[in-house]
Amino acid sequence: MIPIALGFGLLALVVFLWSLRNGQYEDLDGAAARILIDDEPPAGQQPDTTLSGTKEETRRV
């Protein structure tokens, strides 16, 4: 069991170092700010204000 635990720990360390090297943690504030920005609807379309996926909307369709 100990070699398996050490193997998983080593694997987790390798994955973490790989993510650091590939820039996964470069822009932490950008993702937080991006969620607050409203996307513009395509030209000529009205924004969807209904909650999609609700039972009421599914029945109406």
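This tour moves through the structure one selection at a time.

The model is predicted: local features need pLDDT of at least 70, side-chain atom pairs count only at pLDDT 80 or more, and totals for chains, interfaces and linings use all residues. Residues are numbered from 1 along each chain as its sequence is written, and side-chain values use heavy atoms, with hydrogens and water left out.

**Whole protein.** Begin by selecting everything. The protein has 3 helices and 0 strands, in the order α-α-α along the sequence. Helices (H or I, at least four residues) and strands (E, at least two) are DSSP runs, numbered from the N terminus. Of the 61 residues, 3% count as buried; buried means under 20% relative accessible area, exposed over 50%, and partly exposed in between (1.4 Å probe, protein chains only). The accessible surface is about 6,300 Å², and 62% of that surface belongs to carbon and sulfur atoms. Such areas come from the Shrake-Rupley method with a 1.4 Å probe, and for residues only the protein chains shown count as cover.

**Confidence.** Next, colour by pLDDT, the predictor's confidence in each residue, from 0 to 100. The mean for the protein is 80, and 69% of its residues reach 70 or more. Confidence is highest in α1, at 97, and lowest in helix α3 (residues 55-60), at a mean of 54.

**Helix α1.** Select residues 2-21, which form helix α1. At 1.5 Å a residue, its 20 residues should span 28 Å, and the end C-alpha atoms, 29 Å apart, agree with this. The expected span is 1.5 Å times one less than the number of residues. Just after α1, select G23, which takes a positive phi of about 80°.

**The nonpolar patch.** Now select L10, L13, V14, F16, L17, L20, Y25 and L28, which make a nonpolar surface patch of about 780 Å². Helix α1 gives the most to the patch, with 6 residues. L28 lies in helix α2 (residues 28-34) and is exposed, at 57% relative accessible area.

**The aromatic pair.** Finally, keep F16 and Y25 selected. The structure holds 1 aromatic pair. The ring centres of F16 and Y25 are 6.0 Å apart and their planes stand at 50°, so the pair is tilted. Rings of Phe, Tyr and Trp (its six-membered ring) pair if their centres lie within 6.5 Å; planes under 30 degrees apart count as stacked, over 60 as edge-to-face and the rest as tilted. F16 is partly exposed, at 39%, and Y25 is partly exposed, at 41%.

How values were computed: Patches are made of residues with over 30% relative accessible area and no salt bridge: like charges are joined within 9 Å, nonpolar side chains (Val, Leu, Ile, Met, Phe, Trp, Tyr) within 5 Å. A salt bridge is a side-chain nitrogen of Lys or Arg within 4 Å of a carboxyl oxygen of Asp or Glu.
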